[in-house]
Each structure stands twice: as C-alpha cells, then as structure tokens.
Amino acid sequence: MTKKVGQYWDPEGELLSGNRLKQHQSELLRELIAAAAKTAFYQRRFEEAGLDPASVRSVDDLQRVPITTKEDTRASQQSAPPWGDYTAVPMDEIMAVHMSSGTTGVPTANLYTRRDYDALAERSIVTAVLSNKPHPATVQLVRAIFPRHAFALVRGQLDERSRKP
C-alpha cells in the first residue's frame, strides 16, 4: 500500500470528474449490489423493496436501494446467531470480529476481512494526509480497528510529508 506523497494520495481516483467519476462509482455500486444479493439478508431486503439487483446500473438508481440500519443488522444477528445472515464472504475470510459496546441497545458484531482492514488503513492515511498535520500525534484516527497497522502507515506518511518544503 506504499504510495508516493504528493498533493494527492490517489491522483487517478481523486481527479476523476464528470462522467468518468459517475461511471467509476456506478461500477463499484454494481459490484456491491451483486455481492449483497448473494446473502439471504439482502435477498429478502431487495424482494421486500421490489428491487431486482440486476436493475441497479448506476448511482442514479441508489434511491431504489433499501437502506440498512443498525436495527436491521441487530435483528439479523438475533434471528441467525451469532453473525446474522448478511455476511457476503465465506467465514474463512473473516480475520476479526469487533463488538459494539451496546450502549444504544444489544451489542452488534462487525466482521472484517483483510480487505476491510486495508481499506480502513488507507482511509486513515488519506484523512491524515488531508488534515495536513505536521506530526501524527496531532491526527485522530476516528475508528482505528487495526491501530498499529494504520498508525504506522499514517506516521510514515506524515513523517515523509513533513520533510517536504
């Protein structure tokens, strides 16, 4: 995940505009809907909403996609314990389980793959770089699920950035 420090973390992605941006977002949405449609949870949700997953072709279709709430995931975990029926990857790809504190209700399990951790680390780095802080101690990682990995990447990124004139 090492990338060169500059004005942009991911110039190719960050500089997309207009139709190219919409095309990219639409492609990612189609992939997400296709993965969700493989789960019993989203099959039910899509059927209840009268949504054919294949009909979701672009971000313009987002208003037809049902919203999932924390209450929905809690109900799924209660009816299909312990993880619910919305996990879209095989369980052998799950590398960590984190539980919410339950302060607003029943604690909720969140399952994470390696890809999830890598995405979290990248978002943490982007947040730190965009904050333009000179030292990692001044950057708050909002949800550092994998803190050592994310912090090490952020620290290295910021240290290199701070050496630039």
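A salt bridge is a side-chain nitrogen of Lys or Arg within 4 Å of a carboxyl oxygen of Asp or Glu. By this criterion the structure holds four salt bridges. The model is predicted, so local features need pLDDT of at least 70 and side-chain atom pairs count only at pLDDT 80 or more, while totals for chains, interfaces and linings use all residues. Residues are numbered from 1 along each chain as its sequence is written, and side-chain values use heavy atoms, with hydrogens and water left out.

**View 1. Lys22 and Asp60 form a salt bridge.** The closest N and O atoms of Lys22 and Asp60 are 2.7 Å apart. This pair joins distant parts of the chain, 38 residues apart: Lys22 belongs to helix α2 (residues 18-36), and Asp60 to the loop between α3 (40-49) and α4 (70-79). Helices (H or I, at least four residues) and strands (E, at least two) are DSSP runs, numbered from the N terminus. Lys22 is partly exposed, with a relative accessible area of 32%, and Asp60 is partly exposed at 43%. Here, buried means under 20% relative accessible area, exposed over 50%, and partly exposed in between (1.4 Å probe, protein chains only).

**View 2. A salt bridge connects Asp85 with Arg44.** The closest N and O atoms of this pair lie 2.8 Å apart. Asp85 sits in the loop between α4 and β1 (94-99), and Arg44 in helix α3, so that distant parts of the chain, 41 residues apart, are linked. Asp85 is buried, with a relative accessible area of 19%, whereas Arg44 is partly exposed, with a value of 37%.

**View 3. Arg64 and Asp61 meet through their side chains in a salt bridge.** The N to O distance is 3.6 Å. Arg64 is partly exposed, with a relative accessible area of 34%, while Asp61 counts as buried at 16%.

**View 4. Helix α3 has buried residues along one face.** Phe41, Tyr42, Arg45 and Phe46 are the buried residues shown in α3. Seen down the helix axis, the buried residues of α3 fall within an arc of 120° (the arc of the directions from the helix axis to the C-beta atoms), so they line one face. Glu47 and Glu48 are exposed on the other side of α3. The cover over the buried residues of α3 includes α2 and α4, where contact means heavy atoms within 4.5 Å. After α3 comes Gly50, with a positive phi near 70°.

**View 5. Phe41, Tyr42, Phe46 and Tyr86 form one aromatic cluster.** Rings of Phe, Tyr and Trp (its six-membered ring) pair if their centres lie within 6.5 Å; planes under 30 degrees apart count as stacked, over 60 as edge-to-face and the rest as tilted. The structure holds four aromatic pairs. One of them is the edge-to-face pair of Phe41 and Tyr86, with 5.6 Å from centre to centre and 65° between the planes. This pair links distant parts of the chain, with Phe41 in helix α3 and Tyr86 in the loop between α4 and β1, 45 residues apart. Phe41 is buried, with a relative accessible area of 4%. Tyr42 and Phe46 form a tilted pair, 5.7 Å centre to centre and with 40° between the planes. Because Tyr42 and Phe46 are four residues apart in helix α3, about one helical turn separates them. Both Tyr42 and Phe46 are buried.

**View 6. Helix α4 also shows a buried face.** In α4, Thr73, Arg74, Ser76 and Gln77 are buried. The buried residues of α4 fall within an arc of 160° when seen down its axis, so they line one face of the helix. The other side of α4 carries the exposed residues Glu71, Gln78 and Ser79. Among the elements that cover the buried residues of α4 are α3 and β2.

**View 7. The largest pocket holds about 1100 Å³ of space.** On a 1 Å grid over the protein atoms alone, a pocket is an open set of points where a 1.4 Å probe fits, with protein on both sides within 12 Å along at least five of seven lines; lining residues have an atom within 4 Å of a point. Grid points are joined across faces, edges and corners, and a volume is the space filled by probe spheres set on the points. The largest pocket is lined by 33 residues, of which Leu32, Ala35, Tyr86, Ala88 and Asp116 are the closest to its centre. At least two lining residues come from each of α2, α3, β2 (109-113) and α5 (114-131). Helix α2 gives the most to this lining, with seven residues.
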